Amino acid sequence: TRYGDFQNVVLSEEEHEKLTQSLGERYRDEYIRRLDLWIEKTGKNFKSHYATVLDWFQQDNPKKENDASFETDDFFAAALKKSYGDLL
């Protein structure tokens with residue numbers, strides 16, 4: 001199936017669904033639009049539009065190693081500042 005304003009992005013139904021699951025509808029649509037416009041303005045193409053969308057998203061949104069964790073020193077410093085901010 002073709003996607004985008006210029007219909008340049010070709011994805012299977014399965015690839016489109018995987019992008020929805022991985023990126024959510026908002027980012028899926030945003031990156032499809034970006035790729036569609038890029039192909040239209042440059043005339044260049046990629047072997048896999050699915051892989052390109054995933055790659056661009058990952059480049060733009062790198063995961064941090066401790067993404068879900070926090071530093072205990074930062075936690076305690078913030079707690080102290082909140083509790084004793086006027087005294088510090």
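Colleague: At 39% relative accessibility, what does Gln 7 count as?
Modeller: This is a predicted model: local features need pLDDT of at least 70, side-chain atom pairs count only at pLDDT 80 or more, and totals for chains, interfaces and linings use all residues. Numbering runs from 1 along each chain as its sequence is written, and side-chain values use heavy atoms, with hydrogens and water left out. Buried means under 20% relative accessible area, exposed over 50%, and partly exposed in between (1.4 Å probe, protein chains only). At 39% relative accessibility, Gln 7 therefore counts as partly exposed.

Colleague: Where is Gln 7 found?
Modeller: Helices (H or I, at least four residues) and strands (E, at least two) are DSSP runs, numbered from the N terminus. Gln 7 is in the loop between strand S1 (2–3) and strand S2 (9–10).

Colleague: What is the phi of Gln 7?
Modeller: Most residues other than glycine have a negative phi. Gln 7 is not glycine, yet its phi is positive. The value is near 60°.

Colleague: What pattern does the protein follow along the sequence?
Modeller: There are 3 helices and 2 strands. Read along the sequence, they give β-β-α-α-α.

Colleague: How many residues does the largest nonpolar core have?
Modeller: A nonpolar core is a set of buried Ala, Val, Leu, Ile, Met, Phe, Trp, Tyr and Cys residues joined through side-chain atoms within 4.5 Å. In the largest one, the residues with the most contacts inside it are Val 9, Leu 11, Leu 19, Leu 23, Leu 35 and Val 53. The number of residues in this core is 14.

Colleague: Which helix gives the most to this core?
Modeller: Helix H1 (13–42) and helix H2 (49–60) each supply at least two residues of the core. With 6 residues, the one that gives the most is H1.

Colleague: What does Leu 19 count as, buried or exposed?
Modeller: Leu 19 lies in helix H1. Leaving aside neighbours within four places in sequence, Leu 19 is in contact (heavy atoms within 4.5 Å) with Leu 11, Gly 24, Arg 28, Tyr 50, Val 53 and Leu 54. Because its relative accessibility is 0%, Leu 19 counts as buried.

Colleague: Which residues does Thr 20 touch, not counting those up to four places away in sequence?
Modeller: Thr 20 is also placed in helix H1. Its relative accessibility is 17%, so Thr 20 counts as buried. Beyond four places in sequence, it touches Glu 25 and Arg 28.

Colleague: At what angle do H1 and H2 pack?
Modeller: Axes are lines fitted to C-alpha atoms, for helices over the stretch in contact, and angles run from 0 to 180 degrees between N-to-C directions. The H1 and H2 axes are 9 Å apart, and the angle is about 95°.

Colleague: What does that make H1 relative to H2?
Modeller: Angles under 35 degrees count as roughly parallel, over 145 as roughly antiparallel, 65 to 115 as roughly perpendicular and the rest as oblique. The angle here is about 95°. That is why H1 is, relative to H2, roughly perpendicular.

Colleague: How far apart are the end C-alpha atoms of H2?
Modeller: The expected span of a helix is 1.5 Å times one less than its number of residues. H2 has 12 residues, so it should span 16 Å. The model agrees, with its end C-alpha atoms apart by 16 Å.

Colleague: What do the buried residues of H2 pack against?
Modeller: The buried residues in H2 are His 49, Tyr 50, Thr 52, Val 53, Leu 54, Trp 56 and Phe 57. They pack against S2 and H1.

Colleague: Which residues is Trp 56 in contact with, leaving aside neighbours within four places in sequence?
Modeller: Trp 56 lies in helix H2. At 15% relative accessibility, Trp 56 counts as buried. Its C-alpha atom is separated by 9.6 Å from that of Arg 34, 22 residues apart along the chain. Its contacts are Tyr 31, Arg 34, Leu 35, Trp 38 and Phe 46.

Colleague: Which residues does Thr 52 touch, not counting those up to four places away in sequence?
Modeller: Thr 52 is placed in helix H2. Its relative accessibility is 7%, so Thr 52 counts as buried. It touches Leu 35 and Phe 46.

Colleague: What percentage of the residues of the protein count as buried?
Modeller: The protein has 88 residues. The share that counts as buried is 24%.
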